[in-house]
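Dear colleague,

I am passing on the structure we spoke about, with the sequence alongside it. Please have a look at it first, and then read the notes that follow.

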Amino acid sequence: LHKKCDCKDEILLFGTKTCPNCKIAKKLLDEAKIKYKFIDAEEEQELTKENNVKSAPTLVVKNNGKTENVVNLSNIKKFIEDSKK
């Protein structure tokens, strides 16, 4: 039985302090004025597991009760491009 989500739309960027692509992803999201919360995957292991994050950077997009994982920098770039449309 999974917890019922409070279904607030949010974007979480999972990464690590040492990951260079995570830094780039942050910069791109900032430039695109996309609000997100950075989650340190090493510190927040429980949350990382809950969101099925397996690699950094991963963007977890929660929207209308649906969750989409955007994995790796090239897909995050594409997500940002698509969100500008």
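Helix H1 (20-31) lies across E1, E2 and strand E3 (58-63), and its direction is at about 155 degrees to that of E1. Please keep in mind throughout that this is a predicted model.

The strands under discussion belong to an open sheet of four, which has the order E2-E1-E3-E4 and mixed pairing. Its edges are formed by strand E2 (37-40) and strand E4 (66-71), each of which pairs on one side only, and from one strand to the next the twist averages 25 degrees. As a general point, the strands of a sheet pair through backbone hydrogen bonds, in either a parallel or an antiparallel sense. Here E1 and E2 pair in the parallel sense, over four bridges, and within this part of the sheet Leu12 has Lys37 of E2 as its bridge partner.

The residue I looked at in some detail is Thr16, which sits in the loop between strand E1 (10-15) and helix H1 (20-31). Is Thr16 buried or exposed? Its relative accessible area is 15%, and because buried means under 20%, Thr16 counts as buried. Leaving aside neighbours within four places in sequence, Thr16 is in contact with Cys22, Phe38, Asp40, Glu42 and Ala56.

Terms used
Residues are numbered from 1 along each chain as its sequence is written. This is a predicted model: local features need pLDDT of at least 70, side-chain atom pairs count only at pLDDT 80 or more; totals for chains, interfaces and linings use all residues. Side-chain values use heavy atoms; hydrogens and water are left out. Helices (H or I, at least four residues) and strands (E, at least two) are DSSP runs, numbered from the N terminus. Buried means under 20% relative accessible area, exposed over 50%, partly exposed in between (1.4 Å probe, protein chains only). Contact means heavy atoms within 4.5 Å. Two strands pair if DSSP finds at least two bridges between them. Axes are lines fitted to C-alpha atoms, for helices over the stretch in contact, and angles run from 0 to 180 degrees between N-to-C directions.
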